Amino acid sequence: MLGEFEYLLITAASRLGDDAYGAAIRQEIESTARRKCSIGALYTTIERLEGKGLISTWMGESTPERGGRAKRMVRVTGKGARAAKEFYDAMMRVSRGASWAVNQTGDTSR
Amino acid sequence: MSPAWSLVEVAARPLNREERDAILGDSLEAGENTWQALCGVLGLIARRQLLLWKSWRPWLSVFGFGIPCTVLLMAVSMSVTCTFDRLMGFKVSHWAPTGHEGFTLLLCHIFLLIAWSWTTGFTLGSLSPRTLWVNASLGGFLAFFFARHLLDMLGVSRFAPFLFLLPAIWGIRQSLRGIRLSFRPAVLLATTMAVLMTAAWTNEALWLPNWLLIIPALFLVATRSGMPGTGEASARVSQAR
């Protein structure tokens with residue numbers, strides 16, 4: 001099963017779609033999860049997820065605001081999407097009945 | 001580009017070019033200052049190094065080969081220097097590590113020193129190239145200890161314990177350049193070393209712990225034994241690093 005940060009990264013990359021690359025994913029994680037995301041944590045996790053076949057990466061275009069440096073683009077693979085769905089379902093199930101999860105049925109199959 | 005940013009660029013050198021581009025570009029795009037970018041780069045490099053140590057390879061490289069072989073090779077280097085001095089008629093200390101051997105056994109020892117050093121260097125370079133700096137740092141510390149505490153007592157040159165360095169660095173460089181030792185040359189090298197060590201041993205010119213110095217050569221034979229002569233076994237080994 002995925003780790004928490006792996007799930008955050010895959011979800012952020014999935015939300016960003018074709019615009020998913022290092023800086024954008026980092027910003028997405030920091031703004032939605034409201035937690036600090038270091039470059040070290042981001043890139044070691046990207047490497048690990050790529051090694052597991054859950055994401056694929058390639059070098060993209062460079063832009064002036066990046067000082068002419070290329071982006072490392074990220075795409076979630078089918079296997080990665082299934083792993084994220086499994087994590088999400090497990091979190092929903094385990095949260096059922098918890099006081100902070102009122103009105104949550106935990107049923108994601110609908 | 002500010003001069004301070006050059007520091008970040010230098011710190012990012014250990015990363016490969018594409019990764020360096022991506023990370024420094026991300027830092028610039030996020031508007032990070034030099035300090036934040038430097039912490040990010042150093043944090044990534046530190047994490048990478050820590051992850052390397054989850055494998056058995058760096059541990060074997062440092063504690064199985066690096067430290068024990070460095071100590072033994074420094075002792076052999078001193079012994080060769082002192083024996084040479086004695087045979088050439090130079091004054092050697094009473095404590096100097098030299099035996100009764102003549103020129104023939106000295107030549108045998110010189111060949112063995114080169115072979116032991118080269119195989120150790122080659123093995124270290126093949127096993128875990130990204131943690132070689134740990135071997136180098138610990139080797140430097142041992143050298144400092146040797147030079148500080150033993151050399152004055154033995155009355156030998158400060159360079160004497162480091163004769164092994166050149167062939168060892170040669171071995172490391174060859175493995176880092178991707179040169180692969182196939183099965184047959186590895187067996188030939190290990191056999192030659194074993195024969196010469198036996199000859200030295202029977203002439204009471206080999207210290208018992210020096211038998212450990214054949215282990216890197218045997219390791220090279222073992223890791224190349226999968227597919228004789230093709231070098232594919234070594235290719236597998238390097239992929240697994």
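This is a predicted model: local features need pLDDT of at least 70, side-chain atom pairs count only at pLDDT 80 or more; totals for chains, interfaces and linings use all residues.

Which residues of α3(B) are buried? They are Ala37(B), Gly40(B), Val41(B) and Leu44(B). Looking down the axis of α3(B), one finds these buried residues within an arc of 90°, and therefore they line one face of the helix. As a reminder, an α-helix has 3.6 residues a turn, so residues three or four places apart point the same way. On the other side of α3(B) we find Trp35(B), Ala46(B) and Leu50(B), which are exposed. As for what covers the buried residues of α3(B), the cover includes α1 (3-11) and α2 of chain B, and also α3 (39-51) of chain A.

That brings me to the contact between the chains, to which chain B gives 16 residues and chain A gives 16 residues. On the chain B side, α2 (17-29) and α3 (34-52) each supply at least two of the residues that touch chain A, and the largest share, nine residues, comes from α2(B). Sorted by class, this side of chain B has seven nonpolar, six charged and three polar residues.

Staying with helix α2 of chain B for a moment, I would point to Arg20(B), which is found there. Is Arg20(B) buried, exposed or partly exposed? With 16 other C-beta atoms within 10 Å, Arg20(B) is partly exposed. If we leave aside the neighbours within four places in sequence, Arg20(B) is in contact with Ala12(B) and Leu15(B). Pro68(B), by contrast, is 48 residues from Arg20(B) in sequence and 36 Å from it in space, C-alpha to C-alpha.

Let me now step back to chain B as a whole, whose secondary structure comes to eleven helices and zero strands. Of its 241 residues, 35% count as buried, and among the contacts in chain B with a separation of 6 or more, 77% are between residues 24 or more positions apart.

Helix α6 (residues 132-149) of chain B has 18 residues, which at 1.5 Å a residue should span 26 Å, and its end C-alpha atoms are 26 Å apart, which agrees. The buried residues of α6(B) are Leu132(B), Asn135(B), Gly139(B) and Phe146(B), and because they cover an arc of only 55° around the axis, they sit on the same side of α6(B). The face turned away from that buried side carries exposed residues, among them Trp133(B), Phe141(B), Phe144(B), Phe145(B) and Arg148(B).

Next, the nonpolar cores. The largest has 36 residues, of which Leu113(B), Phe164(B) and Leu220(B) touch the most other members. Several helices of chain B each supply at least two residues of this core, namely α4 (56-87), α5 (103-127), α6, α8 (165-176), α9 (183-202) and α10 (215-223). Taking Leu220(B) as an example, and not counting residues up to four places away in sequence, we see that it touches Thr119(B), Phe122(B), Thr123(B), Leu181(B) and Ala186(B). A second, separate core has 34 residues, including Leu2(A), Ile29(A), Ile55(A) and Val74(A).

Finally, some details of chain A. Strand β1 (residues 55-63) of chain A runs antiparallel to β2(A), and seven bridges join the two; one of the residues of β1(A) to follow on screen is Ser62(A), whose bridge partner in β2(A) is Ala70(A). The two strands form a hairpin with five residues between them, and in its turn Gly67(A) has a positive phi of about 65°. Six of the eight residues of strand β2 (residues 69-76) of chain A are buried, so this strand is largely enclosed by the rest of the structure.

Arg34(A) is found in the loop between α2 (22-33) and α3 of chain A, and with 7 C-beta neighbours inside 10 Å it counts as exposed.

Technical notes:
Residues are numbered from 1 along each chain as its sequence is written. Chains are lettered from A and ligands numbered from 1 in the order in which they are written. Helices (H or I, at least four residues) and strands (E, at least two) are DSSP runs, numbered from the N terminus. The expected span of a helix is 1.5 Å times one less than its number of residues. A residue is buried if 20 or more other C-beta atoms lie within 10 Å of its own, exposed if 12 or fewer, and partly exposed in between; C-beta atoms are placed from the backbone. The arc is that of the directions from the helix axis to the C-beta atoms. Two residues are in contact if their C-beta atoms, placed from the backbone, lie within 7 Å. Ala, Val, Leu, Ile, Met, Phe, Trp, Tyr, Cys and Pro count as nonpolar, Asp, Glu, Lys and Arg as charged, and the others, Gly among them, as polar. Two strands pair if DSSP finds at least two bridges between them. A nonpolar core is a set of buried Ala, Val, Leu, Ile, Met, Phe, Trp, Tyr and Cys residues joined through C-beta atoms within 7 Å.
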